[in-house]
Amino acid sequence: MDTLNRNNEIWLSHLGGAGSDQQAALADLRAELLRGLHRAFWSWKGVDDDFLEDAVQDALLRILDHLGQFAGRSRFLTWATAIAIRVAMSELRRRRWQDVSLDEVIADADFSPLWTAAKDAEPTAGWERQTMLATLRDIIHQQLSQKQRTALLAELKGMPQEEIARHLGSNRNAVYKLTHDARKRLKQALEAAGYQAADIHVAFAE
Amino acid sequence: MLLSRKEIDSLMKLIGLTQDVELNCEQCLYLIAEFAERELAGKTLPAGLQAVEQHLSVCAECREEYEALQQALRELSA
């Protein structure tokens with residue numbers, strides 16, 4: 001059967017089944033994922049045919065494990081490609097960051113220079129912006145846990161959540177929750193200090 | 001350790017965009033395909049998918065993956 005002629009139901013039926021239909025569906029899906037990943041990563045450093053082949057094989061396993069989560073609200077191929085891209089990106093991030101320690105990224109995990117940095121970088125910055133940053137610095141020190149400060153700093157320094165999680169013995173979703181809770185706490189505390197989201201947007205709009 | 005001006009601006013932007021309830025990366029992954037197809041077709045987003053848009057605004061990694069997905073979809077729809 002031609003890939004283009006498979007609708008979502010047939011993909012699910014064939015992939016979830018056995019025998020020649022399943023083998024044909026797997027071969028077609030592999031070919032489509034490779035085509036999509038080639039396009040998505042053609043200009044990426046360190047990406048070659050072997051890398052893409054490995055990523056697609058890993059993605060196929062994950063897709064088969066999660067077939068039950070496909071709700072049919074998109075084309076099956078789009079859903080599967082999103083999973084393959086996550087698998088490939090995760091591996092690329094792991095390779096890029098594998099020799100970088102969390103300590104190296106965040107140094108002494110201190111937000112103290114935040115006020116100074118802003119002041120030095122922009123001596124003529126408005127008073128509103130400066131006082132907002134001073135308030136934020138105090139809130140960070142008083143209301144965030146050490147773990148939240150560490151994760152937030154590492155994220156600001158560009159370390160992927162998966163890598164932060166690896167160093168903290170956690171996972172990407174848990175790190176996301178950690179930093180989301182931190183952001184909520186900072187937003188609520190800034191609002192309590194009289195700064196609304198609109199004020200923040202105006203003061204720090206690019 | 002000094003935060004750069006860009007990092008400070010990123011932090012403030014993230015705080016400004018933060019919602020009480022947000023999707024996590026796993027939840028985003030299983031909704032992103034529908035989101036991508038609707039965006040590609042220029043369709044309006046139903047309420048359930050606006051949470052994907054919000055997640056992409058605060059999660060650099062999911063945003064990077066979404067951009068790659070858009071590239072792949074252009075190939076697959078060609």
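## Helices 9 and 10 of chain A

In this predicted model, helix 9 of chain A covers residues 161–168 and helix 10 of chain A covers residues 172–192. The two pack with their axes 8 Å apart. The angle between them is about 100 degrees. Angles of 65 to 115 degrees count as roughly perpendicular, so helix 9 and helix 10 of chain A are roughly perpendicular to each other.

Which residues of helix 9 of chain A meet helix 10 of chain A? Helix 9 brings Gln161(A), Glu162(A), Ile164(A), Ala165(A) and Leu168(A). On the side of helix 10 stand Arg172(A), Ala174(A), Val175(A) and Tyr176(A). By class, this contact has six nonpolar, one polar and two charged residues.

## Chain A as a whole

Chain A has eleven helices and zero strands.

Chain A has 206 residues, and 33% of them are buried. Consider its contacts with a separation of 6 or more: 66% of these join residues 24 or more positions apart.

## Helix 3 of chain B

Helix 3 of chain B spans residues 32–41. Its buried residues are Ile32(B), Ala33(B), Glu34(B), Phe35(B) and Ala36(B).

What covers these buried residues? The cover includes helix 4 (76–97) of chain A. From chain B it includes helix 2 (25–29), helix 4 (47–58) and helix 5 (60–76).

Gly42(B) follows helix 3 of chain B. The phi of Gly42(B) is positive, near 70 degrees.

Note on methods. Residues numbered from 1 in each chain as written. Chains lettered and ligands numbered in written order. Predicted model: local features only at pLDDT ≥ 70, side-chain atom pairs only at ≥ 80, totals over all residues. Axes fitted to C-alpha atoms, helices over the stretch in contact; angles between N-to-C directions. Helix = DSSP H or I, 4+ residues; strand = E, 2+ residues; numbered from the N terminus. Parallel < 35°, antiparallel > 145°, perpendicular 65-115°, else oblique. Contact = placed C-beta atoms within 7 Å. Nonpolar A, V, L, I, M, F, W, Y, C, P; charged D, E, K, R; others polar. Buried ≥ 20, exposed ≤ 12 C-beta atoms within 10 Å, placed from the backbone.
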